[in-house]
Amino acid sequence: MTRSPRIIVIGGGHAGIEAACAAAGMGAIVAMITQDPQAIGRMSCNPAIGGIGKGQIVRELDAMGGRMGLLTDRAGIQFKILNRRKGPAVQSSRAQCDRRLYQSAAQDEIAAIANIKIATDNVRSLTIENNRVTAVIGDSGETYPADAVILAAGTFLEAVTHVGAERKSEGRFGEPPSRGLSGQLRSLGFEVGRLKTGTPPRLDGSSIDYSLCEIQPGDQPPRGFSRRRPIPIANRANCWLTYTTTETHQLITDNIGRSPLYNGQISGIGPRYCPSIEDKVMKFAEKPRHQLFLEPEGMGTDEIYINGFSSSLPAEVQLDALRTIPALRDVKMTRPGYAVEYDFFPPTQLHLTLDTKPINRLYFCGQINGTSGYEEAAGQGFVAGVNAVLAIRGEEPFILGRCESYIGVMIDDLVTLGVDEPYRMFTSRAEHRLHLREDNTERRLAQHGFRIGLVPANEYDALCRRWENIDRCIAEFEKTAIPAASIPFPGIKRQGGATLAELLRIPGVSFDDLNGFGAQIAPVETLVSEAVEIAIKYEGYIERQARQIEQFKRLESQRIPADLHYLGLTGLRREAKDKFTRIRPYTLGQASRIPGITSSDIAVLMVHLRTNSN
Amino acid sequence: MSPSSAHVDLTKTICAIATPPGRGGLGIVRLSGPDAIAIADRIFQGHSKLSEQEGYTVHHGFAVDSRTHAEIDEVLATLFRAPRSYTGEDLVEFSAHGGQLVLSRIVDACIAAEAIPAQPGEFTLRAFLNGRIDLTEAEAVADLIAAKTDESSAAALAQLKGQLHEEILALRAGIIAALARLEIGIDFTEEDIAPSEIAGVRDRIQEVRGRVLRLLRSYDRGRVLREGFTVVLAGPPNSGKSTLFNRLAQDERAIVTDIPGTTRDILREYINLNGWPVCILDTAGMRESADVVERIGVERAEHAIKEADGVIWLIDSTTDVTPQLPVIDEKSNRTPWAICCNKSDVSSVLSIVSQRLTSKSEIASEHGQPVEHDIGGPDTPVRPRCDDTRVLEISAKTGAGIDELLKTVSAWIEPIGTARSGGTFAINDRHRRALQSADAALASALESLARADGVELAAFDARNAALHLGEIIGETTTEDVLTEVFKNFCIGK
């Protein structure tokens with residue numbers, strides 16, 4: 001192909017941004033179609049990026065050339081590492097962001113990329129030829145030709161919001177839904193489902209009594225997300241913690257019949273991990289109080305997001321309930337909380353590339369795949385954007401493994417297991433969690449970003465030099481012996497002393513402490529000393545995890561031809577044939593994770609693969 | 001890995017004794033799978049590493065147990081490289097000097113080096129799977145496997161139904177409950193969950209571990225029924241082991257002489273003690289010796305002590321003014337011991353022996369203060385403790401004190417006999433391996449819990465324990481943990 005690939009990205013949310021930037025970075029001409037260019041990069045729910053399991057995704061994006069980490073560093077007003085007192089594998093970064101700053105940073109980023117054009121339109125339908133998408137048609141009547149289409153429509157498809165009995169056709173507060181597209185996709189053979197999510201009210205900060213709240217400051221010093229392009233960051237705002245009271249619970253219980261969640265008005269399934277305040281009160285009646293986090297929406301505004309109070313009760317009930325909380329006795333609500341129901345496409349209809357199985361070159365990413373969260377959306381957007389370009393070029397697909405990234409875990413979970421509630425990342429979903437740490441993110445993934453051309457050579461070289469320093473330092477620590485006389489630990493009486501590595505393994509001993517033992521350690525940057533400390537302190541566990549990963553890779557490296565005709569394979573159980581046909585696993589490893597598949601099914605499949613390849 | 005109850009996993013390396021049981025001159029242990037050569041190198045000491053050798057070659061060397069570095073036997077290792085082997089995988093065969101004991105020890109060493117025990121017919125099954133066995137149609141192969149696995153999973157299911165299945169489910173549920181509490185502390189760190197709800201993880205894990213150990217003991221019960229409770233007679237040369245052996249066996253099988261070091265190999269005899277089969281092993285006397293053959297005998301005796309269910313240590317009351325007491329490692333310290341001052345018809349040293357045994361408090365002062373920052377070093381050998389050890393006065397020659405000795409041995413068997421009222425679980429070797437792995441993982445989890453930063457490490461261990469138990473019944477873990485979390489805790493800011 002001589003001309004550049006043309007890619008349409010439908011939607012300007014967190015998935016759409018990463019998809020557009022990745023595709024454009026790889027040389028595609030991208031048209032981003034959005035109903036409202038001013039809404040590009042909008043944070044529809046809480047004003048924070050990252051969190052446990054999610055911070056890792058943002059770091060992974062940064063390591064591969066994604067944008068979310070950079071945007072968060074620019075818009076962040078409070079930075080924090082969660083689980084700081086636990087081990088390195090479960091520490092995650094999170095930043096409170098200025099909502100407006102984030103949006104403008106995202107829009108600036110897109111505007112600065114010459115080969116991304118923005119079109120203000122609502123996509124009404126797709127043009128399909130020979131099972132392949134070739135164009136999209138907007139409400140404006142315009143036809144946009146495309147080599148690939150990435151759908152990142154978020155919660156907008158056939159969306160309805162609920163505030164008490166009040167129902168509106170909206171994809172987000174005050175924004176119209178996208179109509180028609182999911183109907184066409186259904187007629188093309190897609191299965192369509194319905195999910196629900198919710199958001200809490202926004203409050204006027206000047207009406208809150210902060211003296212009755214606990215302060216939640218950021219980390220000192222703050223740490224940003226991007227290691228490739230770090231910028232100066234600062235903590236500029238605090239969060240606050242307060243609690244519901246038994247009065248609050250009573251008021252909600254008394255009005256429960258007016259909640260669309262409890263009176264049958266909402267049928268979509270909501271997430272278990274992010275229940276509405278109604279659910280918390282009704283399902284955990286024994287708890288005397290629930291936490292509420294007050295998070296600033298930004299620097300130039302008094303608006304406050306009240307995390308933990310997601311609700312679809314009528315606005316006046318929400319306000320009454322809030323006012324039962326001492327710190328919110330006189331609170332003013334700037335916007336009520338609401339629930340939104342929207343169409344999604346069960347993600348077992350996708351390949352690991354996020355290309356859809358029914359239609360070629362049509363990619364789905366973000367909430368339409370049944371996920372929740374900005375970070376999860378962004379991770380999928382990146383993978384869809386990269387794969388769209390690779391597919392048009394006829395190159396090998398870009399598939400991240402479960403053993404190398406959270407993004408890989410997420411997409412494999414979605415595609416192989418499907419979802420029955422909005423999918424959110426948790427570290428416990430990653431069976432190789434001890435390897436998938438924030439500190440080694442670049443080492444796991446930067447090579448991919450470099451290979452596909454999204455991490456520039458100079459940035460990659462800088463990373464490689466750091467890794468060399470780390471390795472050199474570890475090797476030196478393993479062989480540098482400290483005489484017994486210089487070791488201040490009575491427990492260690494070994495003749496001939498101990499090596500620096502052995503000393504570093506002692507609980508409580510840090511990299512910096514080693515200088516006190518008479519060792520001459522050349523000063524190194526913090527990122528190096530941290531990596532050395534982790535590698536040595538957790539060596540035993542890291543090695544055990546590495547062995548499990550080696551085991552895991554054996555089945556994972558055995559590809560299954562995409563066109564394998566399972567129904568024609570003898571010896572395979574009927575159930576296995578059906579499941580393989582539906583999921584069309586990419587590798588034997590993925591096949592083995594399909595619910596209900598046994599290892600004898602895998603053995604039979606393996607025989608056929610080997611006999612056919614011989 | 002895969003959620004299944006059938007057990008063909010070609011990513012694992014399997015091993016087994018490949019020759020039929022019996023007292024043949026030579027026996028073969030076979031290792032097959034992707035790690036076969038690496039594992040073989042861990043237990044093989046020859047002129048060069050097998051990993052550097054070509055296929056179809058034979059190498060002379062010694063099989064060693066990589067845990068103890070103890071030599072097991074002189075062996076020939078035959079190397080086959082994939083796909084040119086019986087199974088189509090990398091394959092190593094060790095030919096050893098026969099004897100089930102030696103071959104079992106080689107298999108055991110392979111398993112310690114991360115092989116898994118092969119199931120019956122698995123080498124052949126792998127040969128099928130790898131296309132090595134010449135069948136004309138692939139379909140026929142697949143049918144065969146399907147039939148075979150259907151058959152075996154039906155058999156496995158029948159076996160698993162009932163008590164064992166229930167028990168494993170309960171244990172797994174216990175671990176998942178503990179794991180859910182650990183994961184809450186990790187994934188939902190900002191949630192308002194009372195520490196009391198998360199506490200108790202240690203207790204839960206300990207409780208599960210206790211039950212895993214009980215299951216393993218019930219394996220012991222089955223094993224004792226099948227193979228006998230093994231009692232080893234040991235002690236310095238000429239302390240009268242063979243005389244006692246003959247008295248217990250009521251037979252003149254062991255050659256009894258006054259020349260120290262007469263017994264150079266191990267003799268065994270079964271006796272019936274209150275309905276329990278007891279296997280008595282007579283071993284070579286423990287002493288430094290220049291005689292190569294005698295030294296091998298001593299090594300074998302030491303090994304037999306390690307594997308024993310109980311040990312009778314004999315002392316010659318007439319000659320041992322400073323009686324030689326056994327020195328044992330921590331592992332065999334759990335084995336019950338009886339110290340018999342023999343030849344009581346001639347002399348008595350009972351009081352001296354009793355005084356020389358270390359008491360628990362002495363052990364504590366010697367090694368007890370656990371070295372807080374242990375950075376290595378072998379386990380220090382300890383003596384049996386007087387609190388757990390009976391000291392008896394006997395005369396193997398006249399039979400005095402023998403009844404008392406047999407009562408002592410009966411008391412050893414008793415806990416195994418009553419390990420589980422209501423029948424023995426059908427625990428096979430595969431189950432036992434899985435249970436042992438689960439036990440090790442749980443032990444590691446308890447250690448990790450003591451670390452300030454150990455929550456995720458404990459979770460890693462607990463998850464592995466659940467996976468090992470899951471291997472027995474074919475269940476996976478991740479989603480179960482989340483379900484448990486959401487069911488029992490109010491999560492969500």
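This is a predicted model: local features need pLDDT of at least 70, side-chain atom pairs count only at pLDDT 80 or more; totals for chains, interfaces and linings use all residues.
**Figure 1. Helix α12 meets helix α14 in chain A.** Here α12 (residues 457–479) packs on α14 (residues 526–537), the axes being 9 Å apart and the angle about 50°. Angles from 65 to 115 degrees would count as roughly perpendicular and those under 35 as roughly parallel, so this pair is called oblique. As for handedness, α12(A) and α14(A) cross in a right-handed way. On the α12(A) side, the contact uses R466(A), N469(A), I470(A), C473(A), I474(A) and F477(A). Facing them from α14(A) are L527(A), V528(A), A531(A), V532(A), A535(A) and I536(A).

**Figure 2. The buried side of helix α8 in chain A.** In α8 (residues 315–322), the buried residues are V317(A), Q318(A), A321(A) and L322(A). They sit on the same side of α8(A) because their arc around the axis is only 135°. An α-helix has 3.6 residues a turn, so residues three or four places apart point the same way. What do the buried residues of α8(A) pack against? Their partners in chain A are α6 (246–254) and β19 (333–335).

**Figure 3. Helix α3 of chain A, largely enclosed.** Eight of the eight residues of α3 (residues 68–75) are buried, so the rest of the structure largely encloses this helix. The buried set is M68(A), G69(A), L70(A), L71(A), T72(A), D73(A), R74(A) and A75(A).

Methods: Residues are numbered from 1 along each chain as its sequence is written. Chains are lettered from A and ligands numbered from 1 in the order in which they are written. A residue is buried if 20 or more other C-beta atoms lie within 10 Å of its own, exposed if 12 or fewer, and partly exposed in between; C-beta atoms are placed from the backbone. Helices (H or I, at least four residues) and strands (E, at least two) are DSSP runs, numbered from the N terminus. The arc is that of the directions from the helix axis to the C-beta atoms. Two residues are in contact if their C-beta atoms, placed from the backbone, lie within 7 Å. Axes are lines fitted to C-alpha atoms, for helices over the stretch in contact, and angles run from 0 to 180 degrees between N-to-C directions. Angles under 35 degrees count as roughly parallel, over 145 as roughly antiparallel, 65 to 115 as roughly perpendicular and the rest as oblique. A crossing is left-handed if the near helix is turned anticlockwise from the far one by less than a right angle, and right-handed if clockwise.
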